[in-house]
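Welcome, and thanks for taking a look at this one. Please have the sequence and the coordinates open as you read, so that you can check each point for yourself.

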Amino acid sequence: MSEAGPPAPPPRPRLRLQTGALLALGVVALGLVGGIALILSTIRAEQAHRAQAARSNELIVLLRDLARDTVNAETGQRGYFITLDRRYLAPYQAADLRYPEVLKRLKALAAQSGDPHQGSLVAQIGQLTGQKFAELRRSVDLVRQGDLVEARRAILSDDGQDTMERLRLAITELEDSERARLDAALAQTVASERRVEPMLLTLLVLILVSLGLALSLALRNAEAEARAAHAADLALARDRADLLARELSHRVKNLFAVVLALIRMSARDEPAARPVADKIAARVTALLRAQELTQGTGGRSEVDLAKLVETVLAPYRSANSLSEVSGPPFKLTEQQTTPLGMILHELVTNCVKYGAWSRPGGKLALNWDCAGPLTLNWREHCDGTIEAPAPSRAGFGTTLLEGSMRQLSGELTRTYHPDGIEVRIVVPTAR
């Protein structure tokens with residue numbers, strides 16, 4: 001009788017990505033794609049503005065050259081009639097040779113614009129210029145033939161003056177039209193640049209929401225398995241939850257890397273757009289560093305509180321975002337870093353959207369003390385009064401704050417002052 005082998009181990013449950021986590025990751029991916037599209041549209045607007053500026057400059061220079069050549073030609077004609085000295089014909093002859101090329105280039109530029117009104121103005125300018133030079137040519141020929149009486153009659157007629165006045169009006173109208181096109185291109189570029197930073201802030205909110213949802217789902221999954229299995233199964237469930245959280249964090253980092261690569265590739269062949277792309281890339285890099293620090297410590301057991309605060313505030317700081325940060329050195333445990341980082345992210349996001357950093361002159365003061373429990377004081381000050389009363393119901397931000405404080409076993413109180421909010425966070429320091 002053969003001996004029975006050892007019993008087969010029970011099948012391990014497969015790691016399944018929760019529907020909510022997939023949905024959150026999809027929202028983040030869509031937000032990143034939208035951000036990339038907005039960044040690319042900003043770069044294209046910059047390129048279009050530069051092309052329009054070059055075209056406008058050339059067209060305006062050509063119009064002014066044409067006006068100057070016409071006046072010089074008429075002056076040379078008058079001088080030749082008065083003195084009969086052929087040297088006075090030099091400006092006229094030079095302008096007579098040059099103006100057809102100028103008109104040819106003006107027609108090409110008008111065709112590039114695709115504006116029918118500009119095309120008709122260029123045609124009118126060409127017709128009037130041709131009439132003016134035909135009148136000058138006729139009077140010069142009469143003087144050469146010795147018919148001074150007829151030449152004088154041609155010069156003193158109102159036809160030449162009327163043609164010249166109409167030509168000036170057409171040139172002025174075309175120049176004004178081109179300046180309006182240039183102003184419109186500039187306005188479009190400015191509008192595109194103003195949309196970039198709000199989009200980056202929105203992306204950060206989406207990332208934090210997705211990470212918070214993933215963390216919540218992972219914890220619920222671990223608790224459910226702990227109730228249904230013994231200690232070994234509970235350890236395995238926690239490992240799987242940690243793997244899920246790390247996988248989501250890894251994918252978010254990859255999405256950030258794709259954004260940075262696309263920004264840099266888009267500006268590689270456009271030196272003039274590189275400063276804008278570098279500024280955007282710096283903001284995205286700061287957001288990536290904040291995400292890395294607040295979503296795990298990478299194997300380190302402790303994180304410096306001052307470093308966490310500086311990393312969270314860095315993407316939002318600017319010349320108009322005043323702040324005072326102070327406090328003694330304090331090391332956060334790995335379990336304290338993530339929830340406290342999410343709380344600080346929520347507070348600074350509200351500060352940018354509704355609080356002190358949403359208006360000029362606003363100031364943020366953040367300090368902490370660790371003589372007893374770790375106590376953080378967040379105080380915003382604004383010039384004037386903030387018309388933002390305390391919320392009547394708990395939104396997702398409030399839920400996120402409450403959940404994070406439960407993880408810290410601490411207490412958070414908010415006080416709404418006329419010039420800004422005050423938040424007090426108390427966290428037990430027992431390890």
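Here is a short briefing on the chain, grouped by topic.

This is a predicted model. The protein chain holds ten helices and seven strands, and buried residues account for 40% of its 431 residues. The points below begin with the whole chain, go on to the sheet and the helices, and end with a ring pair and some backbone angles.

**The chain as a whole**

- The accessible surface of the protein chain is about 23,600 Å², and carbon and sulfur atoms contribute 56% of that area.
- If you take the contacts between residues at least 6 apart in sequence, 76% of them join residues at least 24 apart.

**The five-stranded sheet**

- Five strands form an open sheet with mixed pairing, in the order β2-β4-β5-β7-β6.
- At the edges are β2 (322-326) and β6 (411-417), each of which pairs on one side only.
- On average, neighbouring strands of this sheet are turned by 10° against each other, with direction ignored.
- Strand β4 (residues 363-369) pairs with strand β5 (residues 374-381) in the antiparallel sense, over seven bridges.
- The link between β4 and β5 is a hairpin of four residues.
- Two partners are handy for finding your way along this pairing: Trp-368 stands opposite Leu-376 in β5, and Leu-364 has Glu-380 in β5 as its bridge partner.
- Strand β5 also runs antiparallel to β7, and six bridges join the two. Within that pairing, Trp-378 has Val-423 in β7 as its bridge partner.
- Is β5 enclosed or open to the outside? Six of its eight residues are buried, so β5 is largely enclosed by the rest of the structure.

**Helices lying across the sheet**

- Helix α8 (residues 305-313) lies across β2, β4 and β5, and runs at about 160° to β4.
- Helix α10 (residues 396-408) lies across β6 and β7 (420-427), and its direction makes an angle of about 145° with β6.

- Helix α9 (residues 334-353) has 20 residues, and its first and last C-alpha atoms are 29 Å apart, close to the 28 Å expected at 1.5 Å a residue.
- Of the 20 residues of α9, 16 are buried, so this helix is largely enclosed by the rest of the structure.
- Helix α5 (residues 158-228) includes Ala-218. With a relative accessible area of 7%, Ala-218 is buried, because the cut-off for that class is under 20%.
- Ala-218 and Arg-240 are separated by 22 residues in sequence, and their C-alpha atoms lie 8.5 Å apart in space.

**One aromatic pair**

- How many aromatic pairs does a search of the whole structure find? It finds one.
- The rings belong to Tyr-99 and Phe-133, with centres 4.3 Å apart and planes at 15°, so the pair is stacked. The reasoning rests on the cut-off for the planes, since an angle under 30 degrees counts as stacked.
- The pair links distant parts of the chain: Tyr-99 sits in helix α2 (residues 90-113) and Phe-133 in helix α3 (residues 116-144), 34 residues apart.
- Tyr-99 counts as buried at 12% relative accessibility, and Phe-133 is buried with a relative accessible area of 0%.

- As background, most residues other than glycine have a negative phi. Two residues in this model are worth a look on that score.
- Leu-84 is not a glycine, yet its phi is positive, at about 60°. Leu-84 lies in the loop between α1 (19-83) and α2.
- Is Leu-84 buried, partly exposed or exposed? Its relative accessibility is 47%, so Leu-84 counts as partly exposed.
- Ser-409 also has a positive phi, near 55°, and is a residue other than glycine. Ser-409 is found in the loop between α10 and β6.
- The relative accessible area of Ser-409 is 56%, so Ser-409 is exposed, the cut-off for that class being over 50%.

Terms used: Residues are numbered from 1 along each chain as its sequence is written. This is a predicted model: local features need pLDDT of at least 70, side-chain atom pairs count only at pLDDT 80 or more; totals for chains, interfaces and linings use all residues. Side-chain values use heavy atoms; hydrogens and water are left out. Rings of Phe, Tyr and Trp (its six-membered ring) pair if their centres lie within 6.5 Å; planes under 30 degrees apart count as stacked, over 60 as edge-to-face and the rest as tilted. Buried means under 20% relative accessible area, exposed over 50%, partly exposed in between (1.4 Å probe, protein chains only). Two strands pair if DSSP finds at least two bridges between them. Axes are lines fitted to C-alpha atoms, for helices over the stretch in contact, and angles run from 0 to 180 degrees between N-to-C directions. Contact means heavy atoms within 4.5 Å. The expected span of a helix is 1.5 Å times one less than its number of residues. Accessible areas come from the Shrake-Rupley method with a 1.4 Å probe; for residues, only the protein chains shown count as cover.
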